[in-house]
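Please view the sequence and the model together.

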Amino acid sequence: MVKATLSDTIASKQLAILNKQIKAGTYDSNDSFGEEWDKKGKLKPMIATEYVLGDGKHTVNKEIREFEVRPKYLEIELKVKNLTEKTINYSPYIQLRRLAKQGDFYTDLPTDTTYIHKIPSDPFNTFYYLETPAYPLPTTVGKVVDHIVEEEVDAHPILPGETATFTVNYILANIEYSNLFLNLNAYSPGDRYIQITQ
């Protein structure tokens, strides 16, 4: 990893892609927290509701409180080296997780509650869960063909021994932004993470 930047404002290049997706009808609001931003890309605060989860048999979900969440834009610059003897087509999607170290292992931060962002005015998505630490932002605009969104593949060839630099972008919406890790285990087996925030 080269550098990570956490901000209240979406970078102009990424904002242009999001705005083009919205205009083209290819923006998938299911891959979001229901966040909104102004014309300059500044993310607007949202109201979250915290619930204690019931078991569905003896107890039901119970609302605890409402509070303001300030979404963040995270941009990470990565250097990736191809250590194989073949050209690889690398797609820079890396899952972001909130983890805690327990002994020699990492585990997801435990929680007894869940957070929801309600949007009663939206006829399709009346609420969004804020459990996922982050959503990756799109890197292409894509197009709609016969009412189906066709996304362009965003894979980059890396020659054997070559190093390439990629930028990955995320939207985060949570109470706090500590203990964020990139999960590298999708590409190689093991227990490998890169810590982004303390």
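Glu 75 has Asn 169, in strand E14, as its bridge partner. The model is predicted: local features need pLDDT of at least 70, side-chain atom pairs count only at pLDDT 80 or more, and totals for chains, interfaces and linings use all residues. Residues are numbered from 1 along each chain as its sequence is written, and side-chain values use heavy atoms, with hydrogens and water left out.

**Sheet**

- Strand E4 (residues 72-81) and strand E14 (residues 163-172) are joined by ten bridges in the antiparallel sense; strands are DSSP runs of E with at least two residues, numbered from the N terminus, and two of them pair if DSSP finds at least two bridges between them.
- The open sheet has four strands with antiparallel pairing, in the order E1-E4-E14-E10.
- Strand E1 (3-7) and strand E10 (134-136) are the edge strands, each pairing on one side only.
- From one strand to the next, the twist averages 25 degrees (axes are lines fitted to C-alpha atoms, and angles run from 0 to 180 degrees between N-to-C directions).

**Gln 14**

- Helix H1 (residues 12-24) contains Gln 14; helices are DSSP runs of H or I with at least four residues.
- Gln 14 is buried, at a relative accessible area of 4% (buried means under 20%, with a 1.4 Å probe and protein chains only).
- The side chains of Gln 14 and Asn 169 make a polar contact of 2.8 Å (a pair of N or O atoms within 3.5 Å, where one must be able to donate a hydrogen and the other to accept it; residues adjacent in sequence count only if both atoms are side-chain atoms).
- The Gln 14 side chain also reaches the backbone oxygen of Pro 138, at 2.8 Å.
- Not counting residues up to four places away in sequence, Gln 14 touches Tyr 73, Leu 137, Pro 138 and Asn 169 (contact means heavy atoms within 4.5 Å).

Terms used. Buried means under 20% relative accessible area, exposed over 50%, partly exposed in between (1.4 Å probe, protein chains only).
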